[in-house]
Amino acid sequence: MNACHSALSIALAATIGLASAGAHAQSSPNLIQNGSFEDNTYKASSGYCYGSACGLTGWTLSEIVNGGGVLIGAYSGAWGNPSSLSDAASMVNGDFVVGLQASSGSVSQTLDLSAGSYELSWADANRSNYGFDQSYRVSFNGAQLGSDFSTVLGAGWQSHTLSFTVAQGVTGALRFQGLTTTDGTSFIDNVSLVQTSAVPEPESLALALAGLVVVGQIARRRRAI
Ligand SMILES: [Ca+2]
């Protein structure tokens, strides 16, 4: 019942778009605290740390259990890609990035969002020395935003932007969750969230309402069974 209530209390309509923020979005404040992951108590630029040991301001890193959320110095060669990113300075802000290692690795931040439309942007990269594409999922308050993302071997850093609508004010966690196996790791940096409109866009609201209808139908079917 709690899960059902959660799904009903917030309706999200996510669409993936190109990184082309509008003028309004660019002038709005970034609602993410420490979106570059530079504010931490670890500060050893040659290494890495896991979970709460990183002292990562504003974020919760999962602990090291079969992998985990890891804060990585950008010049830590053991982690592959971040050690050779001098050509991606515009996407990698500062000396630290977060790694979503294996399917247990995640990083999340609790946000208090009012009703409206939002634009989320970030950059990702593949752990190149593991030799395969690595994937992860983005969600807010348990609702997935967009499709699963894949960091592509050899592609370097890529920027992403997606839009979603919050139908009514809600406090929830924005989460980046790893989906790969073994030590596969997706790197994340430069997370930004701006409110683009205090009122949900009409077309997005329509999608959100459609989502509510679908959730309601599923709930009724389950009760009938
Ligand atoms: Ca950074």
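Student: Leaving aside its neighbours within four places in sequence, which residues is L71 in contact with?

Tutor: In this predicted model, L71 has contacts with F37, N40, Y42, Y48, C49, C54, L56, L61, F96 and V98. What makes each of them a contact is the cut-off: the two C-beta atoms, placed from the backbone, lie within 7 Å. L71 also belongs to the largest nonpolar core, which has 39 residues; L61, L71, V97, V107, Y118 and I188 touch the most other members.

Student: What makes strand 2 and strand 4 a pair?

Tutor: Pairing needs at least two bridges. Strand 2 (residues 48-50) is joined to strand 4 by 3 bridges, so the two pair, and they run antiparallel. Y48 stands opposite I72 in strand 4.

Student: And how many bridges join strand 4 to strand 5?

Tutor: There are 6, again with an antiparallel run, and strand 5 covers residues 96-101. With at least two needed, strands 4 and 5 therefore pair as well. Here G69 is opposite L100 in strand 5.

Student: Why is D39 called partly exposed?

Tutor: D39 has 16 other C-beta atoms within 10 Å. Buried would need 20 or more and exposed 12 or fewer, so a value in between is partly exposed. D39 sits in the loop between helix 2 (23-27) and strand 2. Beyond its neighbours within four places in sequence, D39 is in contact with N34 and T57. D39 and G58, 19 residues apart in sequence, have C-alpha atoms 8.7 Å apart in space.

Student: Which elements have the lowest and the highest mean pLDDT?

Tutor: Helix 1 (residues 2-9) has the lowest, 39, and strand 6 (residues 106-113) the highest, 97. Over residues 1-25 the pLDDT is below 50, although this stretch has 53 contacts in the model beyond near neighbours in sequence. Residues 83-87 also stay under 50, with 6 contacts beyond four places in sequence. Where pLDDT is low, the predicted coordinates should not be read in detail. The protein averages 76, and 68% of the residues score at least 70.

Methods. Residues numbered from 1 in each chain as written. Predicted model: local features only at pLDDT ≥ 70, side-chain atom pairs only at ≥ 80, totals over all residues. Helix = DSSP H or I, 4+ residues; strand = E, 2+ residues; numbered from the N terminus. pLDDT = per-residue confidence, 0-100. Core = buried A, V, L, I, M, F, W, Y, C linked by C-beta atoms within 7 Å.
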